[in-house]
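Hi everyone, thanks for coming. Let me put the model up on the screen, and then I'll walk you through it.

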Amino acid sequence: MKKIEAIVRREKFPEIDGALKMLGVSGLTVEEVAGRGRARHTTTVLAKGRWNYEEEYIKHLKLEILVQDSNAQAVIDAIMAHATTGSVGDGKIFVSSVDEVLDIGSKAVDEKAVAFATIPKQN
């Protein structure tokens, strides 16, 4: 199993979510996060004058998706295709292996603990 964590622009989420639904991905965790990297975000504020300031942390969304190994590349490709604006600060994708999954309620383990979507193989 693979865990795909994607840090993406908030405004791109509806497009990404739609693409994941089209693939059949049903399990998705989304949380608001803030971080910093190479990108800098400048905000202009008009209040009794005009001034700019640079925010230290930029707000993004973090998506977490658990998929079978065979489906990981299709999910990654969908996120890459729909998350990009071509600018610095589009985000990152992290892929890691998952050794074990336990369902607290049913006590199911591994494959039985996760309801995987059936994603057709890409040719």
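**The pocket and the sheet**

The largest pocket holds about 360 Å³ of space. By pocket I mean an open set of points on a 1 Å grid over the protein atoms alone, where a 1.4 Å probe fits, with protein on both sides within 12 Å along at least five of seven lines. The volume is the space filled by probe spheres set on those points, which are joined across faces, edges and corners.

Before going on: this is a predicted model, where local features need pLDDT of at least 70, side-chain atom pairs count only at pLDDT 80 or more, and totals for chains, interfaces and linings use all residues. Residues are numbered from 1 along each chain as its sequence is written, and side-chain values use heavy atoms, without hydrogens and water.

So, who lines this pocket? There are 17 lining residues, with Arg36, Gly37, Gly89, Gly91 and Lys92 nearest the centre; lining means having an atom within 4 Å of a point. β2 (29-35), β5 (58-67) and β6 each supply at least two of the lining residues. Strands here are DSSP E runs of at least two residues, helices H or I runs of at least four, numbered from the N terminus.

Now the sheet: four strands, open, in the order β2-β5-β1-β6, with antiparallel pairing. Pairing takes at least two DSSP bridges between two strands. At the edges sit β2 and β6, each pairing on one side only. β1 (residues 2-8) pairs with β5 over seven bridges, and Ala6 stands opposite Leu63 in β5.
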